[in-house]
Structure formats: structure tokens, C-alpha cells
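I opened my notebook to get to know a new structure. Here is what I looked up, step by step.

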Amino acid sequence: MSEKQKKATAYWKENLRYLVILLTIWFLVSYGAGIMFKDALNNIRLGGFKLGFWFAQQGSIYVFVILIFVYVRLMNKLDKKYGYDED
């Protein structure tokens, strides 16, 4: 395997690791907070709404958008690390 192929393989392995971590966080927030732990979270109110309801309706969407920005930042660093940045 050439050096270029090794670099590309390492790049994609790290990229997939980031994806798995970020999607796991999103799953835990959307499924865990919105469904599994809804009853416990409903004892807390946020803006007049029960927190479990809020996570099911809004919170998981906000977390997903934040994770998109985190992914972009991580990928920019990864691109620079492996020399794939355009700058």
C-alpha cells in the first residue's frame, strides 16, 4: 500500500470515528432524553414546558444543529492534519 493510500485510509477511519461519536450523542439525546428518560425529565420545566416534552420536540433538533457545527470544525482540523485543506 502506498503512503498516499495509508494516509487516505487513516483519514477515513478518523472521519468515521467522529461520525459514530456524534451520531451516538444525537441518538442518546433524541431517543434517551425524548423517550426513555422522558418521565424523569418531565419533573423539570423549561419555559413552562416539561423538559422531556421539550427534548422530544425541540432539544434534539438543537443538539443536531450544534453537532453539525462541531462536525464541520472537527473535519476542518482533520483536513489540515492530513493535508486535504484547500488553504
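My entries below cover the annotated spans, the nonpolar cores and the aromatic rings.

**Entry 1, the spans.** I kept in mind that this is a predicted model. I looked up the unreviewed UniProt entry, and its "transmembrane region" annotation covers residues 16-37 and 52-72. I then checked both spans in the model. Residues 16-37 are 95% helix, with end C-alpha atoms 28 Å apart. Residues 52-72 are 100% helix, and their end C-alpha atoms also lie 28 Å apart.

Which residues make up the largest nonpolar core? I found eight: Leu22, Val29, Ala33, Leu41, Leu51, Phe55, Val63 and Leu67.

I counted seven aromatic pairs. Tyr11 and Tyr82 are edge-to-face, 5.8 Å centre to centre with 85° between the planes. Tyr11 is in helix 1 and Tyr82 in helix 3, so this pair ties together parts 71 residues apart in sequence. Tyr11 counts as buried at 9% relative accessibility, and Tyr82 counts as buried at 14%. Trp26 and Phe64 form a tilted pair, because their planes are at 40°, with centres 4.6 Å apart. Trp26 is partly exposed at 30% relative accessibility, and Phe64 is partly exposed at 33%.

Ring pairs link Tyr11, Trp12, Tyr82 and Tyr84. I finished at Lys7, whose charged end sits over the ring of Tyr84, 5.2 Å from its centre.

Notes:
Residues numbered from 1 in each chain as written. Predicted model: local features only at pLDDT ≥ 70, side-chain atom pairs only at ≥ 80, totals over all residues. Heavy atoms only, no water. Core = buried A, V, L, I, M, F, W, Y, C linked by side-chain atoms within 4.5 Å. Buried < 20%, exposed > 50% of the residue type's maximum accessible area, 1.4 Å probe, protein only. UniProt positions renumbered as here; feature names shortened; annotations may be inferred. Helix = DSSP H or I, 4+ residues; strand = E, 2+ residues; numbered from the N terminus. Phe/Tyr/Trp six-rings, centres within 6.5 Å; stacked < 30°, edge-to-face > 60°. Lys NZ or Arg CZ within 6 Å of the ring centre and 35° of its normal.
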